[in-house]
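Colleague: I'm new to this one. Can you walk me through a few residues?
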Amino acid sequence: MEERNKAASDHEVYLTYTFSTPREMVFKAWTDPKQLVKWYAPHNCTIVYKKLDIRKRGEYLSCINNPQYGDCWCKGVYKEVIFPERIEFTMVVSDKDGNTVDPVKAGMDPDWPMETLVSITFSEENGKTTIKLRQTVSQKLATKTGAYPSWIQMLERLAEEIK
């Protein structure tokens with residue numbers, strides 16, 4: 001059974017989500033490419049990775065396909081991958097070749113930053129894992145653009161994937 005608790009911030013997205021599975025299992029779902037492609041996209045969307053190297057200083061290039069809005073390419077660098085405690089990576093809008101794209105030119109809100117940092121910490125109590133997810137963009141802007149509800153949908157998909 002999953003529990004979700006949300007807290008708003010003017011400076012960052014902040015989500016907590018509790019999974020009814022052990023921490024190692026949740027952490028693995030964030031770091032195993034075969035599992036990641038099954039849940040790391042909002043409902044009714046798919047993700048493909050052109051590049052994925054999940055280790056400190058490793059890079060990724062991904063595309064989330066939304067049947068309504070089309071493709072959204074993103075790249076980033078893993079700043080930390082500490083099993084099974086913490087993952088931190090950057091997110092930058094890009095093209096399919098990994099070139100940085102101004103978010104405005106990609107159709108995003110003019111206030112969306114060129115780069116955000118996503119930090120996820122994993123803790124376990126009584127066999128349940130709670131993650132704390134932070135992203136360096138205001139929760140209000142992330143809600144307005146759909147990024148915030150997308151995180152929630154992805155976490156719901158993750159909960160289904162690992163139950």
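Modeller: Start with Pro22, which is partly exposed at a relative accessible area of 36%. Bear in mind that this is a predicted model.

Colleague: Where does Pro22 lie?

Modeller: In the loop between β2 (13-19) and α1 (23-31).

Colleague: And what does Pro22 touch, not counting residues up to four places away in sequence?

Modeller: Glu124, Gly127 and Thr129. Glu12, ten residues from Pro22 in sequence, is 27 Å from Pro22 in space, C-alpha to C-alpha.

Colleague: Switching to Thr90. Buried or exposed?

Modeller: Thr90 is buried, because its relative accessible area is 4% and the cut-off for buried is under 20%. Thr90 lies in strand β6, residues 86-93.

Colleague: Which backbone atom does the side chain of Thr90 reach?

Modeller: The backbone nitrogen of Val77, at 2.8 Å. Setting aside residues up to four places away in sequence, Thr90 also touches others, including Tyr60, Lys75, Glu115 and Leu117.

Colleague: Now Arg134. Which strand is Arg134 in?

Modeller: Strand β8, which covers residues 128-135. Arg134 counts as partly exposed, with 35% relative accessibility.

Colleague: What does the side chain of Arg134 make a polar contact with?

Modeller: The side chain of Glu12, at 2.4 Å. Beyond neighbours within four places in sequence, the contacts of Arg134 include Glu12, Val13, Tyr14 and Ser119.

Colleague: How many residues apart in sequence are Arg134 and Met154?

Modeller: They are 20 residues apart in sequence, and 14 Å apart in space, C-alpha to C-alpha.

Methods
Residues numbered from 1 in each chain as written. Predicted model: local features only at pLDDT ≥ 70, side-chain atom pairs only at ≥ 80, totals over all residues. Heavy atoms only, no water. Helix = DSSP H or I, 4+ residues; strand = E, 2+ residues; numbered from the N terminus. Buried < 20%, exposed > 50% of the residue type's maximum accessible area, 1.4 Å probe, protein only. Contact = heavy atoms within 4.5 Å. Polar contact = N/O pair within 3.5 Å; in protein donor to acceptor, adjacent residues only side chain to side chain.
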